[in-house]
Amino acid sequence: MEKREQQFSLWYFIVVLFILMTIQNFFISAQVQNLSYSDFKTLLKKKKIVEVTVGKSQISGRVLTEGLREVLPENKIAGLEKNGAEEHRFTTIRIDDPGLTQELEAANVRFTGKLESTWITVLLSWIIPAVIFFAIWSFFMRRMGAASGVMEIGKNKAKIYIEKETGVTFDDVAGIDEAREELMEVVSFLKNPEQYRRLGGNIPKGVLLVGAPGTGKTLLAKAVAGEAKVPFFTMSGSDFVEMFVGVGAARVRDLFSQAEKKAPCIIFIDELDAMGKARGISPVGGNDEREQTLNQLLVQMDGFDTNKGVIILAATNRPEILDPALLRPGRFDRHVAIDRPDVKGREKILKVHAKKITLSDEVKLLDIAAKTPGFVGADLANLLNEAALLAARKGKASVEMSDFDTAIDRIVAGLEKKNRVINPQEKETVAYHESGHAIVAMSRKQADPVSKVSIIPRGIAALGYTQQLPTEDRYLLKKTELLDRLDVLLGGRVAEELVYGDISTGAQNDLQRATDLSRHMIMQYGMSEHLGLVTFEAPISPTGFNMMGAQGKKEYSEKTAETIDGEIQKILEKAHARVKKTLSQKRALLEALKNHLLEKEVIERAELEALIKAHANDTVETD
Ligand code: ADP
Ligand code: ZN
């Protein structure tokens with residue numbers, strides 16, 4: 001966009017110049033008569049020429065207008081006689097004519113030589129370079145964002161919002177306790193910085209809040225400012241990215257200088273990804289402005305003295321696209337993840353927002369929380385509002401459960417379109433699936449222990465997740481460990497199969513990963529009994545080129561390929577049988593874990609271990 005804007009003004013300039021040139025040309029040609037060289041010579045011989053200036057390619061001068069009719073035919077002199085003056089200017093193209101000087105002398109004409117400088121040459125040799133120079137200069141001035149008059153645009157239109165007192169406290173933020181605790185620390189930095197600096201520590205500059213829209217990132221940032229009783233500066237990342245190159249950068253500078261004056265304070269940059277997208281991702285051109293703005297932000301953050309008490313909070317829901325430079329130490333090096341709230345969290349959020357609403361006694365907020373998996377804080381606030389409006393429309397004295405049910409249906413319908421909530425049947429499938437992963441992981445000695453299982457949807461792709469934390473960093477894996485991993489991957493799918501006799505599409509990614517893993521075991525690690533210690537895939541060199549010739553991967557015959565596929569199949573089938581046995585034996589545990597997940601949506605390691613212990617002596621059903 002910014003490019004087109006500049007080109008437009010350049011074109012405008014060129015058009016004006018062209019018009020001026022045409023006008024000038026018109027006036028000049030009205031006063032000057034073009035003659036053919038032969039006519040010029042005729043006039044010279046008849047002593048009608050008064051004065052001549054000889055240029056390199058052109059001869060100009062003055063000619064008497066009287067008595068021309070005797071010399072030239074009438075159609076040729078019409079222009080010369082027209083204005084009635086005694087003399088008239090003329091020009092003619094010069095022709096190689098060595099005798100001309102003598103003839104001029106003979107005719108007693110004053111003549112001078114001349115280095116030609118017509119308006120065209122003036123234009124070419126001076127104005128155009130000047131224009132080009134000016135264009136380049138102003139382009140660079142804008143790029144560098146120098147503090148010239150042009151830059152005032154940035155200052156005047158900057159949408160920086162300042163709140164002296166946000167009035168928001170941590171009591172207004174519910175259900176996201178971990179994030180809240182981490183930010184409480186920031187509050188104490190702001191309140192008594194000396195205490196932290198005493199031992200030489202540095203107060204963090206930037207904290208990045210990562211979470212889905214509506215999870216309360218802005219609310220948390222405001223609460224930090226409110227608790228610390230400091231001013232709150234907000235700006236959205238998209239406000240920084242402007243039409244004109246350099247304006248965004250100017251705004252960043254402006255924001256920081258204003259904030260510095262009001263320190264201690266909080267700067268909150270919403271939608272950081274709009275300005276902080278990794279540089280060089282988009283195709284050539286068009287992102288100069290964003291890059292510049294981003295660079296300016298980095299410069300400001302680096303040059304910033306935290307001891308002044310300015311802390312920068314930023315929010316994004318797409319941390320993966322951020323420029324890595326933003327996340328380096330001294331910039332946004334602290335990350336606070338804000339998850340979607342679980343049932344308990346949703347109940348707490350509802351409680352906060354229900355204060356303003358008259359609820360009927362029969363309404364249990366926990367029931368509402370249970371019916372709204374996947375809802376974030378903003379959705380819940382919206383839900384309460386909708387329900388209150390519905391009840392008011394019906395003339396009720398208080399908001400009843402039926403109003404909530406209607407409101408939930410409405411909001412869910414809206415959210416389902418955006419793929420953000422799941423229906424009860426899906427929820428059960430996901431609960432079985434994740435339980436399967438978790439139980440297999442906990443029953444395999446060499447698999448990483450499970451730290452958390454959740455069926456709260458995360459993003460669009462993952463409906464639930466089982467988090468395994470390795471007990472130590474591992475670089476070398478034994479075959480038995482890989483097999484255990486394979487089992488864990490298949491756990492979800494097999495659980496679905498056992499319960500429903502059918503599998504959902506959610507298990508597809510697991511199967512893909514299981515297949516990849518077994519393929520690697522056979523082809524790279526040589527772990528197949530049948531094919532033995534052979535690797536079939538050339539390792540990829542650090543530069544990305546195949547180290548075994550340009551031919552690429554396939555270094556084996558079709559027959560071997562078939563054998564490999566057979567081996568992969570065998571590994572997967574064996575794993576499948578093992579997992580099926582495990583899960584059939586632990587069917588009761590599977591049900592228990594599923595029920596726990598359906599109710600609470602998450603389970604942490606301690607609870608999971610307790611549950612497993614409780615089911616340790618289950619009688620094994622065999623069928
Ligand atoms: P984000 O910045 O993450 O998109 P906001 O902070 O703007 O979300 O949240 C929008 C609104 O939703 C808030 O003003 C608040 O009313 C409500 N809200 C969101 N999360 C919470 C929460 N954890 N506790 C209470 N209210 C919340
Ligand atoms: Zn899975």
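I started in helix α5 (residues 119-144), where phenylalanine 134 and tryptophan 137 both sit, 3 residues apart, about one turn of the helix. Helices here are DSSP runs of H or I, at least four residues, numbered from the N terminus. The model is predicted, so local features need pLDDT of at least 70 and side-chain atom pairs 80 or more, while totals for chains, interfaces and linings use all residues. Residues are numbered from 1 along each chain as written, chains are lettered from A and ligands numbered from 1 in written order, and side-chain values use heavy atoms, without hydrogens or water.

**Aromatic pairs**

I found 5 aromatic pairs in the structure. Phenylalanine 134 and tryptophan 137 make a tilted one, 5.8 Å centre to centre with 40° between the planes. (Rings of Phe, Tyr and Trp, the last by its six-membered ring, pair with centres within 6.5 Å; under 30 degrees is stacked, over 60 edge-to-face, the rest tilted.) Phenylalanine 134 is exposed at 52% relative accessible area, and tryptophan 137 is partly exposed at 44%. (Buried is under 20%, exposed over 50%, partly exposed in between, with a 1.4 Å probe and protein chains only.) I also noted one aromatic cluster of Tyr37, Phe40 and Phe90.

**Zinc site**

What holds the zinc ion (ligand 2)? I get His433 (NE2), His437 (NE2) and Asp510 (OD), at 2.0 to 2.1 Å. (Donors are N, O and S atoms within 2.8 Å of the metal, or 3.2 Å for Na, K and Ca; water is not among the atoms, so sites may look incomplete.) The donor spacing along the chain reads H-x3-H-x72-D. Histidine 433 and histidine 437 share helix α18 (residues 424-443), 4 residues apart, about one turn, and both are buried.

Notes
Helices (H or I, at least four residues) and strands (E, at least two) are DSSP runs, numbered from the N terminus.
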